[in-house]
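Have it open while you read.

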Amino acid sequence: MEKYFAPCLLLYVIAGCFADDLTYLNGFYSKTPQRLSKYSWFGNVRLHHFRVPEDAVLLRWLLTVSRGSGLNCDNQNITVHFRAGAPPVINPIETAFPNSTSVSLAHNLTLTIPSGHSSNVTLFNVTHPKPGDWFLAAHLPKDEGKIEQQGLPSCSYLFQAQMFLRRAADLPILQHNIPLYQTLTTTPALFKVFVPEFTSRLDVFILNCSGKLGNDCGLLITVGSSTLRQGSEVKQNCSGLESCSTSVLIPPWNSWLLVTVETSQTNSTIPFSISANVTVGCKPLSVSSDFNTSAFIRTIIAPQSNSSGGLSNTSVSTRDQPGVRANSSEPVCMRSPSVLRDEQDVLSLRFIISSSNLTVTSDLPTVLTLEHSPGDSGGMFIVQLHLNTSSLVGGFARVKACLTPSAPVLHVNLSQTCATGLMQGYSLSVSSNESQALLRIPFPDAAVWYLSLQTVCNDSVDCRNASAKVSASVSVSACIDDCGPYGECRLLRTHSYFYGACVCKAGWQGWGCTDGATAQSYSRQMAAALLLTLSNFFFIPPIVVAVYRGYHVEAAIYFFTMFFSTFYHACDQPGVTVMCIMDYDTLQFCDFLGSVVSVWVTIVCMARLQDPVKYLLFMAGTLVISMAMQLDRRGLWNLLGPVLLALVIMVTSWIYRGVKRHQCYPPLWRRWVLFLLPGIVSALIGVCVYVFAQTDSNYYYTHSIWHVMVATSVVFLLPPREKHIPPWGWTNKICSYRRCKNEKVELYTVT
């Protein structure tokens, strides 16, 4: 019962926030707790995806961060980012974004778990949230590069997000130009109004208001919903006015807008009437009912299929398509060429325009409709413009373009910021001096986007005949330029939602791996590659010693480890100094397997067991280690388990020999001082460097030290050869008369 007490209490508190005549419904949504990671790239964040329904009036997140049992941990900060419509764009480590990339960082909240506390529970409220997709991204502070071994005690943190919402089931609808009479009390009055397509203006009017102070009702009108961004709501203070209104220029098309009316007067009842008016100022040309399929295929689909080799899953807008007729009685206020939506793969989308060269004039805007589905918001929105400088006509100065979600800018040459009523847009321009323009938007909103183009003229000339031809390329990809030469594009998933991010290498950082502030030079990369590969040649002395003392199986295993460790590290380099002789996963498996098996056979060999028992342990241990490596290659017990078991076998064998001989084993002090102790010290130094000292910045020499120390310890720890085995394990005469005679005698004696 305690598990559900907090959610039930929270729903009760939310229910008490509203006491008017509307019918309110509650909702509760929860996500599975996820372990947090330190931030180095976007793949380290834990992304939570929620869906906020229509008519939601209050949204409350219950954010719970719990600390796992383990070490005595210090104060820890956890950052949570919020965004509506798409995953949040974040920059915790303050890297530089690629050129021509426009970003707006998401709203964030910092949670703190003090030292000695096990959890932090925080409530975060959003009043009148925007319906649709909401995303939360949580992470720990910047990753300092310390390489932590799995299985060792560490401070771990779990993050869980739970969403409680309150929605109105019967919000009053404002009909166009039809007054609605309401009475306002201490709680805000809520309404909604539908904005049809091609709307250029929305007006909301308050009439016949009367309060305790006469005509001063102290009303405040808010149009729009909260997205935690500036400009998502339009507010009008009507204090001192009996009648007032608020306007939204170019509101979002094909959407419901929330209208909130509240008063600053307490303990009062205020009657008023409210109405809304929608102005449709511009529509594209209508198309006829007969769709000319052959003309459409000939002018749009066929050229693209010839260039790309085939057709993908496509859809097309039906405005101004080739082969259809426009209704000439309608006023012409925009050009709207047909746009083909070509879905090529997950987060791989391009928009094909009916005309390769768009004629952009100064009198009418050219508007491209770019329909984005919710699954496209996890990628990179890319817009490229190219001006044909030989097509300039009239007093041309430049072509300005505005890219906006939900509604287009219809007067591009008069707009300063490319903003619509409730949305911020993005601006591009091309001119005779700069004929190309590029705009990249990470994680674009899931909405219908509009690209509006119009010619801007010189002030001293007549603009009526100014025009130019522009080619536009619009696409969505998972990453920026496929993350370039120093990065790899990863397709990530949270439940059924996919998004892309770049993981960088060789010290490069940023969303496109273009920030080289901490990049490694070529000489640094070459030094790292040489150290990590050539340090494996220190296994040559153990191989020689093993062969000399007759341990041929052990020598073969050491050679296997040296070979695959060398080429694994040659393939594992983060920069351009990379050489892979086979699949990376195969090289990694063989390197990890050879390292652990080398330790296993060395310690078992020190036990001085009989050959059948020794080789049985060699084979059984190798098979078990192979299985463990396939399950988890970086697990601490993959190395610690075989080492402990081998030590138990070795110590048991030594104790048995010592008891049987009534003396310490090994019996010679020189063996302990000159071989065993140096070997143990070398192994301990290597293990300490491997477990406690490795970071991303010093990995290339600390891991090389690990190679040297392990190989050196094998030279000291390998036991001396058996007395009956000659050097190198071979007799001087393969089958001399004496050997054959002795074998015959032995066989005769046995029988």
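1. Ground rules. This is a predicted model, where local features need pLDDT of at least 70, side-chain atom pairs count only at pLDDT 80 or more, and totals for chains, interfaces and linings use all residues. Residues are numbered from 1 along each chain as its sequence is written, and side-chain values use heavy atoms, with hydrogens and water left out.

2. Aromatic pairs. The structure holds 31 of them. One is Phe563 with Phe567, a tilted pair at 4.9 Å centre to centre and 55 degrees between the planes. Rings of Phe, Tyr and Trp (its six-membered ring) pair if their centres lie within 6.5 Å; planes under 30 degrees apart are stacked, over 60 edge-to-face, and the rest tilted. Phe563 and Phe567 are 4 residues apart in helix H5 (residues 552-571), so about one helical turn separates them. Helices (H or I, at least four residues) and strands (E, at least two) are DSSP runs numbered from the N terminus. Phe563 is partly exposed, at 31% relative accessible area; buried means under 20%, exposed over 50%, and partly exposed in between (1.4 Å probe, protein chains only).

3. A ring cluster. Which residues do ring pairs link into a cluster? They are Phe42, Phe97, Phe135, Phe443, Tyr497, Tyr499 and Trp511.

4. Charges over rings. Lys31 has its charged end over the ring of Phe50, 5.3 Å from the centre. Lys192 lies over the face of Trp256, 4.6 Å from the ring centre. The criterion is NZ of Lys or CZ of Arg within 6 Å of the ring centre and within 35 degrees of the ring normal.

5. Helix packing. The axes of H5 and H6 (residues 584-606) come within 8 Å and cross at roughly 150 degrees. Axes here are lines fitted to C-alpha atoms, for helices over the stretch in contact, with angles from 0 to 180 degrees between N-to-C directions.

6. Record versus model. UniProt (unreviewed entry) lists "transmembrane region" for several spans, including 586-606 and 637-656; such annotations may be inferred rather than shown by experiment. In the model, residues 586-606 are 100% helix and 0% strand, with end C-alpha atoms 30 Å apart. Residues 637-656 are also 100% helix and 0% strand, and there the end C-alpha atoms lie 28 Å apart.
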